[in-house]
Amino acid sequence: MKVGLFIPCYVDQFYPQIGIASLELLEKFGCEVSFPMDQTCCGQPMANSGYSHLTVGCDTNFVNNFSEFDYVVCPSGSCTMHVKEHLHSKENEAAATHIRNNVYELTEFLTDILKVESIEGNFPYKVGMHQSCHGQRGLKLSQMSELNAAPFSKPNQLLSSIKGLELVSLSRKDECCGFGGTFCVTEEAVSVKMGQDRIEDHKEHHVDYITGGDMSCLMHLEGILRRQKSNIKVIHIAEILNSI
Amino acid sequence: MKENTIDHSHAAAIFNKDVERVNWHDETLWFVRSKRDKSAHAIPEWEALRETASNIKNNVLSNMHHYLQEFEAKAKENGIIIHWAADGAEHNKIVHSIIAKHGVTQMVKSKSMLTEECHLNEYLADNGIEVIDSDLGEFIVQLRKEPPSHIVLPAIHLKKEDVSDTFHEHLGTEKGNNNPQYLTEAARKELRDTFLTRKVALTGVNFAVAETGEFVVCTNEGNADMGAHLADVHIACMGFEKLIPERKHLGVFLRLLARSATGQPITTFSSHFKKPRKGQEMHIVIVDNGRSTQLGREEFRNSLKCIRCGACMNTCPVYRRSGGHSYHNAVAGPIGSILAPNLDMKKNADLPFASTLCGSCTNVCPVKIDIHDQLYKWRQVLVKEGYTPSSKTMAMKGMSAVLANPTVFKIAGKAGRFVMKNMPFMVNNSLNAWYNQREMPAPPEESFREWYAKKAKESKDKK
Amino acid sequence: MSSRDSILSKIKSNQPASVSELPSLSFLGLDKIDVIETYKTVLKGIGGFCEEVSSLDEVKAYIAAHYPADKRKITTIPELADIAETNWISDDPHSLQNVELGIVTAHFGVAENSGLWVTEAILGQRVSPFIPQYLVIIVNKNDILATMHQAYERIGNLDYGFGTFIAGPSKTADIEQSLVLGAHGARGLTVFLME
C-alpha cells in the first residue's frame with residue numbers, strides 16, 4: 001500500500017513532531033510511506049478567503065506530487081476536506097479525481113482503510129477531544145450533535161483503546177473553537193472568545209490534555225492556554241496514537 | 001438605517017467588551033439550541049421530515065411561476081385583493097395607499113421580517129401613519145427605537161432590567177419591577193386597547209398555499225389574530241418564496257417550524273386565513289425585492305427555501321457571541337449572511353466572512369439549505385466583484401505564486417519560515433491581531449521536511 | 001409593464017430549467033402512539049389543563065367551580081345555554097372584550113402537539129377563542145389524531161374562511177426567555193376530552 005504523506009504547511013514548519021508521529025504510525029501498520037518533497041499547500045487559506053481562483057498553480061503542484069500514490073493521508077481534517085472537495089486540474093483531471101477519491105485524514109484512514117480496531121499505546125491522562133468542524137461535519141469523522149442519528153466517532157474509537165487514557169465528555173460536544181482560518185485575526189474578538197469558551201468546557205471537566213485531529217484548532221487553543229498560563233497542554237491525536 | 005454601517009468584526013469586538021453580557025447572550029441562545037435538539041431527537045423521523053421539506057421547497061423554487069399564479073387566482077376567488085410589489089419602496093407605497101384609502105392614521109402590526117427589510121414603519125411614520133408592533137419582543141424594541149436582533153426572538157439581546165426601564169419610561173410601570181409576568185401583563189393591557197381600536201391590521205405570512213389560496217400565520221401570543229379579527233382591513237405581506245404547493249404540505253412545515261425555532265412542538269396558534277371576515281377587506285402584498293434575482297443565482301437560489309425559523313442563528317457560535325445587530329441587516333446570522341449580499345453587495349460584503357464555516361447551521365436548517373457552502377461561495381463572488389481590500393488581494397496573489405512553485409516555497413520556508421511570514425494568522429510582528437490574546441509557538445529547530453530529508457539521506461548513506 | 005408582469009417574467013427566466021419532483025408524504029406520521037396519553041402529556045407540558053369527562057354536566061360542574069358566576073361567559077354549545085351566552089355570534093367582535101370565559105368545541109385534536117383544530121363555523125366568530133381571558137375547548141376522545149399528517153388528511157379540501165390550531169394558552173418568552181402564560185390570547189386553556 002503506497003501512501004503519500006501530505007503534511008499541512010504550518011505543521012511542517014511549526015509542529016514537525018506531528019508529521020513524524022503520522023509517518024511512524026502508518027509504517028507501524030505496514031504502509032509504504034513517502035513524503036513528496038515538492039508539496040507546498042492545499043490552497044485552503046486562499047480559497048476560504050474567497051481567492052479560490054488563485055489556487056490553480058497550487059492545485060497543479062499538488063496533483064503533480066500526489067498522483068502516483070494509492071492513498072494520500074494527512075493529519076488534518078480541514079486540509080483533507082479541502083482537497084477532497086476542491087482539487088481539480090485542467091491538465092490532469094483524472095489524477096485529481098483519483099486523489100479526491102483516495103485522500104484520507106489520518107484517523108479515518110486507520111479505521112476505514114487499515115481497519116485498525118485498537119492501538120497499543122500508553123497515555124495515562126485525562127483527555128478532552130476537540131472535534132474539529134471540517135473533520136466532523138465535512139469528512140464525517142464523528143456524528144454531529146445537531147442530527148437525529150446514531151452516535152459514532154472514529155477518533156474516539158482509536159483513543160478508547162489507548163491504555164490509561166480517560167476521555168471526558170464535554171458539555172458542548174462539537175462547538176467550533178473559533179480558529180476558522182483568517183477569521184482568527186479578522187474577527188479576533190469573537191475568535192478568541194470562542195476559544196476561551198471551548199477551553200472553559202475542558203477546564204470544567206478537569207482535563208490534562210486537549211487533543212484533536214487538526215493542529216490549526218489546537219494551535220489557537222494552545223495560544224490562549226499559554227496566555228492564560230494554564231497547565232493544560234495540547235497534543236495532536238497522532239502523537240497519542242503513536243505513544244509507543 | 002444609518003448610512004455608515006459598522007462592519008461585523010468591529011461591531012462584534014464592541015459586543016465582546018462586556019464579557020458577562022456576551023456569556024449571557026451566548027448561553028441563552030445555546031439553551032434555545034438545546035431545546036431544539038431535545039425536540040428534534042424526540043421525533044424518530046426528524047431527518048426524513050427535513051429531507052421532505054427540503055424537496056418540497058426545491059419543487060416550489062423550480063415551479064414558482066406556476067404556483068404564484070395559481071395562488072393569486074385562488075386567493076382572488078376567495079375574495080382577497082392581491083398586490084404585487086417589485087421592491088421595498090413599492091411595498092411601502094401599496095401598504096400606505098390601502099391605509100390612506102380607509103382614511104385611517106393608525107395601524108397595528110403583528111410581526112413581519114419582510115416589513116423590517118422594507119423599512120415600512122419608518123416610511124409610514126414619515127407619512128403620518130402610526131404603527132404599533134404587537135409582538136411583545138417587537139413592541140419592546142420599537143419603544144427603544146432599535147431594530148430586532150433576532151428574527152424569532154426580537155428582544156433576545158435585552159435583559160429584563162432593560163425591559164423594565166423601557167416600560168417604566170413608556171408605560172408607567174413600577175420603576176425597578178423586573179418581573180416578566182408583571183411586565184407582560186402591562187403590555188397585554190396596553191396592546192389590548194390597541195387591538196380594540198385599530199381599524200387596520202398588518203400581519204406577515206409564514207406559509208402561502210398555492211392549491212387553496214390560503215395563508216398561515218403562526219404566533220404564540222395570539223397577536224396576529226387579535227389584530228386581524230378586530231380590524232376592518234387585514235393586510236398580509238409576503239415574500240413570494242413563502243409559497244408551498246398544497247395544503248397537506250403544511251403538515252410537514254408546521255411539524256418542523258416551531259421545533260426548529262424554539263423547541264416547542266407547535267406555536268400556540270397556527271391560523272389559516274382563506275377568506276376575509278364578512279364585511280372585512282383582506283389584502284395580500286406579494287413582494288420581490290431582490291428575490292427573483294436570488295432565484296437566478298444557481299449557487300444561492302436555495303437560500304430562498306428559508307422558512308425563517310432562526311435555528312441557524314441559535315446554533316451559530318459567532319452569532320451567539322456577536323449579537324444580531326452586528327449584522328446590520330433585518331435578517332442576521334448565517335441565513336442573513338447569504339441573503340443580504342444579494343440585496344446590497346457593498347454594504348454586506350463583510351457578512352459571509354463573519355463565519356468559521358463550521359457547518360452547524362446547515363445541520364439544523366429544517367429545509368436543508370447548504371448555508372455554510374453558500375457562505376464559502378459568496379466569498380468567491382465578493383472577491384471577484386472587488387469587495388475585498390486590495391492589500392489582501394495583493395497578499396493572496398503573492399502567496400499563490402509561492403505555493404505554486406515548490407523551489408521558491410522551500411527557499412522561503414527555510415530562510416524565514418514562509419508560513420510565519422505569510423499566513424495571515426502567523427505573521428510574526430506585534431501588529432498582528434493574533435497576539436492580542438494568544439501566544440504563538442516558537443518555531444522548532446528543524447522543520448518536518450528537514451527531518452525527513454535528513455532521514456532519507458541517512459538511510460541512503462547506510463546502503 | 002406592471003410590477004406583476006415584470007416580477008412573473010423575472011421569475012420565469014430565473015427559475016431552474018426543470019421542475020423537480022414533489023416528494024411523497026405517505027411514509028410520514030405512521031408511528032403508532034397512545035394518542036390520548038401523548039395528547040395529555042404534551043398539553044400539560046405547554047401549560048394547558050386537561051380533564052377527561054363523559055358528559056357536559058361534568059364540564060358545567062368544573063366551570064362552576066373554577067370561574068366566578070358573575071363573570072361574562074360565551075359558548076357555541078346550546079346545552080350550555082344556562083351557564084353562558086349563546087346569541088353573540090352576530091355581534092360586533094369588539095363587544096366581546098369583556099368576556100371572561102369562552103367555551104367552544106373543536107373538530108379534532110393532534111396528539112403530537114396537543115393542537116385543536118377549529119374553524120370559523122365551529123367558533124361562532126373568528127375572535128371568539130382569542131378575546132376571552134380564559135378558554136375552554138371540548139373535543140371527542142375519538143377525534144384525537146396522532147400527527148399533523150393525519151390532521152391534514154382529515155381536513156382534506158374543506159372550504160373555510162378561517163381555521164386555526166390552538167395548542168395551549170397564549171404565551172411569550174420575549175422577556176429574557178422567561179415563559180409567561182397569557183400574552184394577548186387566553187391566559188389559560190382547559191381542554192375537556194369527552195368520551
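**Close-up views of a predicted three-chain model**

**Figure 1. Domains of chain B in the predicted model.** Chain B is divided into three parts: domain 1 (1-34 + 299-388), domain 2 (43-289) and domain 3 (403-462). The C-alpha centres of domain 1 and domain 2 of chain B are 22 Å apart.

**Figure 2. Contact between domain 1 and domain 2 of chain B.** On the side of domain 1 of chain B, 24 residues take part, and they are in contact with 25 residues of domain 2 of chain B. Helix 2 (19-41) and helix 14 (311-315) of chain B are the elements that give two or more residues to the domain 1 side. Helix 2 of chain B gives the most to this side, with four residues. By residue class, the domain 1 side that touches domain 2 divides into 14 nonpolar, six polar and four charged residues.

**Figure 3. Contact between chain A and chain B.** Here 62 residues of chain A are in contact with 64 residues of chain B. Several helices of chain A supply at least two residues each to the side that touches chain B, among them helix 1 (9-14), helix 2 (16-28), helix 11 (188-204) and helix 12 (215-227). Helix 12 of chain A gives the most, with seven residues. The residues on this side of chain A comprise 30 nonpolar, 21 polar and eleven charged.

**Figure 4. Arrangement of the chains.** Two pairs of chains are in contact, and chains B and C share the most contacts. Chain A and chain C do not touch, and their nearest C-alpha atoms are 16 Å apart. The model scores ipTM 0.98 and pTM 0.96. Chain C averages a pLDDT of 96, and 100% of its residues score at least 70.

**Figure 5. Pairing of strand 4 and strand 5 of chain C.** Strand 4 (residues 108-110) and strand 5 (residues 115-119) of chain C pair in the antiparallel sense over three bridges. Within this view, Phe108(C) stands opposite Trp117(C) in strand 5 of chain C.

How values were computed: Residues are numbered from 1 along each chain as its sequence is written. Chains are lettered from A and ligands numbered from 1 in the order in which they are written. This is a predicted model: local features need pLDDT of at least 70, side-chain atom pairs count only at pLDDT 80 or more; totals for chains, interfaces and linings use all residues. pLDDT is the predictor's confidence in each residue, from 0 to 100. Two residues are in contact if their C-beta atoms, placed from the backbone, lie within 7 Å. Ala, Val, Leu, Ile, Met, Phe, Trp, Tyr, Cys and Pro count as nonpolar, Asp, Glu, Lys and Arg as charged, and the others, Gly among them, as polar. Domain bounds come from an automatic or database domain assignment. Two strands pair if DSSP finds at least two bridges between them.
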